[in-house]
Amino acid sequence: MTMAQMPVRPTEPAPPVPAAHRRGRVARRRRREGLAGYVFLSPWLLGLLGITAIPMLLSLYLSFTDYSPLIPVTEANWIGLENYRRMFTADPQYWHAVRVTATFALIAVPLKLASALGVALLLNKTMRGISAFRGLFYLPSLLGGSVAVAIVWRSMFSGDGAVNSFLSLFGIKGEAWVNDPTWALPTLMLLAIWQFGAPMVIFLAGLKQVPVELYEAASVDGASPWRRFAHITLPMLSPVIFFNLVLETIHGFQGFTSAFVLSNGTGGPVDSTLMYTLRLYNAGFVELNMGYASAMAWVFLAVIGTITVVLFSTGRFWVHYSDSEER
Amino acid sequence: MLPITRSATHDQPTPALRPTRRRLLAAALVAPLLLGAAACGGDDDSGGGSSDKVELSIFWWGADKRAELTDKALALYTQKHPNVTFKKTWQANQGYFDKLATLTAGGNAPDIFQIDDNFIAEYAQRGVTLDLQPSADSGKIDVAKFPKSLVEYGKVDGKLAGVAMGENTQGLVFDKTLLDKFKLPAPTTGMSWEDFIKWATNVSKVAKVPGTQDPSAVYQALWVYLRQNGKDLYKDNKLAFDEADITKWFQLWKGAREAGATPTPDVIHEGNDSSVSKQLVVTGKADTSWVWVNQMPELKKNTKSELGVIAYPGDPSAQWARASMYFSIFKGTKKKDAAIDVVNFLANDPEAGKILGTDRGLPPNLDVRAQVAASVTDASMKQTIEVQNELGTKFGPTSPAVPPKGHSKVKTELVRIAEEVTYGRSTPEAGATAFVTAAKAAIGQS
């Protein structure tokens with residue numbers, strides 16, 4: 001792994017010895033330290049192999065079989081590309097799930113990043129008690145993908161939930177939210193957007209890295225706040241925006257927990273919240289068609305991988321790195 | 001705790017903290033791995049026990065009440081056989097079968113597990129369950145006192161895949177307190193579907209509470225309706241109905257919705273989506289819910305209202321005594337004999353039967369059932385027994401076979417498609433076509 005090959009600098013100065021000698025000793029020492037590095041990495045490496053790599057390869061094999069979790073892996077029958085064929089040509093629910101997931105990611109991710117950046121800008125101030133505010137805004141993300149939050153959300157956004165009680169104070173008759181096929185997905189998106197704390201914290205850290213003299217110089221030149229934002233903050237922040245965009249896009253596509261809880265595991269009403277991962281889970285664990293679920297997972301991996309590569313390749317046009325030696 | 005820098009001033013940034021391309025890449029690569037690793041919880045499940053002492057793992061779904069009763073019954077077994085102890089796991093119905101499948105995939109299936117007719121065919125055909133026929137033949141599991149149909153309902157491909165732990169039948173539960181308050185008549189067994197809908201429409205009008213949950217997505221209601229019309233849900237592992245039957249069924253309830261007999265679509269969905277304890281009759285969002293009679297005590301626990309229970313509308317002889325759930329034994333268990341003895345004990349021991357009551361359905365052993373009926377004190381259990389015994393006299397001669405593999409998918413497809421019709425996103429005709437196609441695919445019928 002690349003991390004193990006990172007040069008490790010000796011801590012003590014080497015005693016003066018002839019140059020040829022020294023090279024040999026340094027090389028030995030490097031090797032020894034390399035080995036030590038691997039030893040220290042071994043918990044992670046073992047985890048990577050045992051928990052991630054081997055099961056992943058196994059699932060690639062299973063995606064060409066009719067494996068059910070109720071039978072031993074050795075008894076699964078090889079059926080070639082049948083799972084993939086069925087997925088693309090004979091399973092309308094599959095394409096429905098793709099549409100739901102794409103809609104979710106295309107709307108929720110940009111809105112979440114925009115809220116995160118907006119709040120980060122507001123919180124990037126010197127003020128009494130600002131740390132407390134930052135903590136409060138981060139709180140929803142600490143609760144993160146937790147089941148508890150989704151359960152609360154579900155009850156708040158039910159037909160007779162807290163949200164509608166609140167709206168009725170103003171004489172507004174609210175929708176049935178999670179029980180209405182039109183509103184269930186937007187409610188799910190709102191939950192994702194509300195948990196903007198993680199990207200917000202990263203934005204906040206990024207904002208602090210913007211050299212203050214740039215703003216000072218711009219102000220002296222008479223730049224308006226908007227121009228300062230558009231021409232200093234955004235470009236300087238672009239690596240952080242890029243980082244958040246990549247992570248949140250991947251995260252958005254993988255959304256599972258809240259959809260599962262909000263719909264009681266069904267993706268309902270009438271499949272309106274049937275995220276890709278939820279359909280995958282149901283195929284594998286409810287319909288016990290694990291071979292098919294594995295095939296779905298590999299297609300998913302390929303698609304997310306492609307999207308990430310595309311994002312990286314667009315990055316060169318709009319992401320500005322402050323350290324030029326990396327170019 | 002919070003990864004936020006305390007100082008809010010624009011300090012001169014240290015060059016080392018500036019985001020660089022390589023650092024961002026590394027972080028982007030590592031972050032998902034870390035998150036992934038954190039998401040993998042550990043599920044520790046180890047069997048064990050020496051030759052003398054036996055610890056049996058047992059797994060069931062249900063509410064608190066069932067756990068309490070099952071605990072007591074198992075404690076009684078341990079009291080009689082001090083070398084046998086239990087590792088008990090239980091949870092709500094939702095997610096139970098996901099967990100059971102996962103345990104099975106890992107080779108860690110519990111020695112004894114509860115199962116129902118949604119999955120018993122699948123588990124038996126995949127060779128997960130131990131064939132209990134030899135134990136039944138040798139009398140180690142005594143089914144002599146069981147109604148014959150109840151034993152048959154546990155057989156898949158001629159093998160006894162599970163021992164019925166209860167018998168139940170469809171029950172239409174209504175809120176009697178609400179009806180009395182408005183001096184409305186109670187519905188009665190044998191009412192036609194049309195009369196029932198008229199009755200429900202009247203309840204909606206007078207009591208301002210929808211008369212009935214819309215059962216178009218409730219598979220056991222559709223099943224009774226089909227049997228009343230000379231059809232069935234399955235026959236010989238194939239669908240035993242056609243599009244015309246489903247169209248009629250969806251149209252019947254479309255009419256009921258338009259007449260105002262049922263709640264709004266979102267509330268119907270809420271009812272379809274809920275566990276026993278949140279059925280609309282309990283939450284007060286409809287006057288009747290479509291359940292199984294053994295669920296009466298659980299429903300009663302969640303409402304102050306007095307509840308009544310009758311058969312589903314139409315001819316009650318279309319209903320049947322169904323094995324509500326079974327205990328099955330894992331084929332790979334190393335403690336086969338002990339597990340068999342425990343299952344036999346739970347099904348036939350009079351004391352155990354008395355403890356378990358009707359929580360899983362009427363006791364399968366008729367002697368135990370009579371004894372429980374005579375001594376039961378819980379009012380709603382008493383009601384369950386009376387109603388089921390009374391309906392039992394009306395059942396027809398034939399009861400359906402165990403549903404085929406894929407039945408649970410058929411059920412979820414019915415909910416999805418029936419709701420498309422209730423939300424007005426599909427017509428009864430289009431819904432019927434969609435359901436027949438989906439149900440065929442689910443059970444692998446070409």
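**Reading the two chains**

Tutor: Read along its sequence, chain A follows the pattern α-α-α-α-α-α-α-α-α-α-α-α-α. This is a predicted model, in which local features need pLDDT of at least 70, side-chain atom pairs count only at pLDDT 80 or more, and totals for chains, interfaces and linings use all residues. Residues are numbered from 1 along each chain as its sequence is written, while chains are lettered from A and ligands numbered from 1 in the order in which they are written.

Student: How many helices and strands does chain A have?

Tutor: Helices (H or I, at least four residues) and strands (E, at least two) are DSSP runs, numbered from the N terminus. Chain A has 13 helices and 0 strands. Its radius of gyration (taken over C-alpha atoms) is 26 Å, well over the 20 Å that the globule rule (2.2 Å times the number of residues to the power 0.38) gives for 327 residues, so chain A is more spread out than a compact globule. Along the principal axes, the C-alpha atoms of chain A fill a box of roughly 80 × 70 × 35 Å.

Student: Where is confidence lowest in chain A, and where is it highest?

Tutor: The guide is pLDDT, the predictor's confidence in each residue, from 0 to 100. Chain A has a mean pLDDT of 87, and 91% of its residues reach 70 or more. Confidence is lowest in helix H4 (residues 130-143) of chain A, at a mean of 80, and highest in helix H2 (residues 82-89) of chain A, at 95. Over residues 1-10 of chain A the pLDDT is below 50, and this stretch has 7 contacts in the model beyond near neighbours in sequence. Two residues are in contact if their C-beta atoms, placed from the backbone, lie within 7 Å.

Student: Which residues touch the most other members of the largest nonpolar core?

Tutor: A nonpolar core is a set of buried Ala, Val, Leu, Ile, Met, Phe, Trp, Tyr and Cys residues joined through C-beta atoms within 7 Å. The largest one has 124 residues, and Met200(A), Ile120(B) and Val343(B) touch the most other members. Helix H3 (residues 92-123) of chain A supplies the largest share of this core, 13 residues. Leaving aside residues up to four places away in sequence, Val343(B) touches Ile112(B), Ile141(B), Val163(B), Phe327(B) and Ile329(B). Another core, of 60 residues, lies apart from it and includes Trp253(B), Trp292(B), Tyr312(B) and Phe435(B).

Student: How is chain B divided into domains?

Tutor: Domain bounds come from an automatic or database domain assignment. For chain B, it gives domain 1 (54-167 + 323-392) and domain 2 (170-319 + 406-443). Their C-alpha centres lie 28 Å apart. In this pair, 21 residues of domain 1 of chain B are in contact with 17 residues of domain 2 of chain B. Helix H17 (residues 379-392) of chain B gives the most to the domain 1 side, with 7 residues.

Student: What may be said of helix H18 of chain B?

Tutor: The expected span of a helix is 1.5 Å times one less than its number of residues. Helix H18 (residues 407-422) of chain B has 16 residues and reaches 22 Å from its first C-alpha to its last, close to the 22 Å expected. Of those 16 residues, 15 are buried. Gly424(B), whose phi is positive, near 75°, follows H18(B).

Student: Is Asp157(B) buried or exposed?

Tutor: Asp157(B) counts as exposed, with 10 C-beta neighbours inside 10 Å. Asp157(B) lies in the loop between strand E4 (155-156) and strand E5 (159-160) of chain B.

Terms used:
A residue is buried if 20 or more other C-beta atoms lie within 10 Å of its own, exposed if 12 or fewer, and partly exposed in between; C-beta atoms are placed from the backbone.
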